[in-house]
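Have the viewer open and step through the sulfurs as you read.

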Amino acid sequence: MGGWRNAVQEAAGSKPLFLTIYATVIVGIVVSSFYVFSAIYSPSASTTQSVSTSWLSSPSLSQNGVSLSSGQSINISQPSGIASQPGSNNLRPIWEAPPRTSKMPPLKFFSLTKELVEERAKDNVIIVTFGNFAFMDFILTWVKHLTDLGVSNLLVGAMDTKLLKALYWKGIPAFDMGSHMSTIDVGWGSPTFHKMGREKVLLINAILPFGYELLMCDTDMVWLKNPLPYLARYPDADVLTSSDQVVPTVVDDRLADWKQVGAAYNIGIFHWRPTEPAIKLAKEWKDMLLADDKIWDQNGFNELVRRQSGPAVDDDSGLFYAFDGNLKLGILPESIFCSGHTYFVQAMYEQLRLEPYALHTTFQYAGTEGKRHRLREAMVFYDPPEYYDAPGGFLSFKPSIPKSLLLEGENNLESHFSLINYQMKQIRSALAIASLLNRTLVMPPLWCRLDRLWFPHPGVLVGSMTRQPFLCPLDHVFEVNVMLKDLPVEEFGPAINIREYSFLNNPLLPQQVKELWLDVQLCQEGTEDCHASSNTSRPGLLRFPKHSGEETFKTVFSAFKDVKVIQFSSMQDAFLGFSDKTREEKFRNRVKRYVGIWCCVDSHTPGHIYYDMYWDEKPGWKPAPPQTPEDDHPPF
């Protein structure tokens, strides 16, 4: 342990990460892209314990003062003979909060100790995630999925005291990492993001010597099935890791075929056994990162374990020798330990009729907000009750898509953009109506004919199981992080809240929301029962004229303020436009920023193409990448 202490102390004097962050991000993207390309184009690749959601409304690591984060003391204590940590959560069932009349113990009682791990471990396995307060909702979701699966041998590392206190009062077993980190979302690629990566490596090095198997997880993943029986099938493995593989290497639940995995091994989900080879790898990985702050933690892991690949350990297990030739490594199957691509884009598990174990929100384009939205789309994210009963109520509509746009012709740029633009125009009208009525818009399901990535590709990844067309995540087209951002009202008008397309089907939706529902059927004014009136033709159904303007909407729907959900039969020709031109201009400024890019063609640099919310106002508009550097900007 002395060597670790010296290495950490040296790291404390290293230069700040922000001086090298841009190089780090670029190198990370390049390396990750290389792995994806190699996976696709290499020769080998071608062949509930029910818990109410009302729960949504710390000790350093010191083996005599070891530091997990450069310059910060983490208190890893040795066994003291005390049976439990006084005042900790460890002797209570998870979710059983301490009495509100009690006091939270001081931070020293939340040390990461062997005793703490021993208390929580089961069958010698401990499951760990960590984060700061910005990821509190992700952490609660992570814990709830495990406890609903009957898994309680878990711990959460708190990187700030605010999170530690919040977890303690929720009844979740936690330890203080002594990181003194900011409580806000740090953002991918930022210096603090890379610091968090190093904390993971140091945490692994801290826990393995305790003698327990460690299932280490990122907070942006969820467990859909108890993974422990699966991991126990491979008792000889030193390390089992997930990957970014997008081309299937097996079609059942065996380990991935390591000879065909060219994509990066992903350290968001991996299982370590406290064996000599694993401990050696963890130490060398730690030393590598602390010696060079430009190395991304995942790239460092890949560099080390890929020093040697093969031979196979035996004929059947799927394990192979890696790292120094002694480490037995297995790669978790990409179909059931899912990335954001194999789950959301390919639905690989579904096509292969397999049950997924895990979902990790990689391969997405809108930061933390995009990750959260994707989990909500899959109905596996746990929000507080007020999320499902927003003030003002909800607005939804049934999208209308001609068969020809969805199914006919080739899958190419023109057909993809024609399909997206047709849907986008309806969404634009729905956003305007939601803004007028001060309602939260339930986004419709979005269909795509082409995949989106960070590099040129022929429409879908060769060898993948992506179907065309496919139901694509909202962040493939829309800038979810911008849609949820607090934009200045003076410039962009009132905020327009949104919900995921699956929202109204979520079992957590309260009964009173489902019951207070109004269907709005668009009709041609002058036809039977089609008038600008709040009189319903039958209970729960309103016939409403097409081409209605701002004042008509306000007047008619003011009578339905108590209705929780207003669902339109269509958005085709629903809204004539704003009469208040100042408001319209602010609305346009807002929604122009809601759409992003498609990426990328391989015949032009740059290869991305901007979506345009007002494409229909530009005669002859066609999807094309920017022709000059001056053209390379969003259409606003």
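Is Cys217 buried or exposed, and what is its relative accessibility? Cys217 comes out at 0% relative accessibility, so it counts as buried. Keep in mind that this is a predicted model.

**How the pairs line up**
- Number the bonded cysteines along the chain and the disulfides read 1-2, 3-4, 5-6.
- A pair gets counted here because its sulfur atoms sit within 2.5 Å.

**Cys448 and Cys472**
- Cys448 and Cys472 are joined by a disulfide, with 2.1 Å between the sulfur atoms.
- Strand E17 (residues 446-448) holds Cys448 and strand E18 (residues 470-472) holds Cys472, so this link ties together parts that are 24 residues apart in sequence.
- The Cys448 and Cys472 link is right-handed, with 60° about the S-S bond.
- Why does Cys448 count as buried? Its relative accessibility is 1%, and the cut-off for buried is under 20%.
- Cys472 is buried as well, at a relative accessible area of 3%.

**Cys523 and Cys530**
- Cys523 pairs up with Cys530 in a disulfide, and the S to S distance is 1.9 Å.
- What is the handedness of the disulfide of Cys523 and Cys530? The torsion about the S-S bond is about 90°, so this disulfide is right-handed.
- Cys523 has 5% relative accessibility and therefore counts as buried.
- Cys530 is buried too, with a relative accessible area of 0%.

**Cys599 and Cys600**
- Cys599 and Cys600 form a disulfide in this model, and their sulfur atoms are 1.6 Å apart.
- For Cys599 and Cys600 the torsion about the S-S bond is about -90°, so the disulfide is left-handed.
- Where do these two cysteines sit, buried or exposed? Both Cys599 and Cys600 are buried.

- Cys338 counts as buried because its relative accessibility is 1%.
- Cys217, the residue from the opening question, is buried at 0% relative accessibility.

Notes
Residues numbered from 1 in each chain as written. Predicted model: local features only at pLDDT ≥ 70, side-chain atom pairs only at ≥ 80, totals over all residues. Heavy atoms only, no water. Helix = DSSP H or I, 4+ residues; strand = E, 2+ residues; numbered from the N terminus. Buried < 20%, exposed > 50% of the residue type's maximum accessible area, 1.4 Å probe, protein only.
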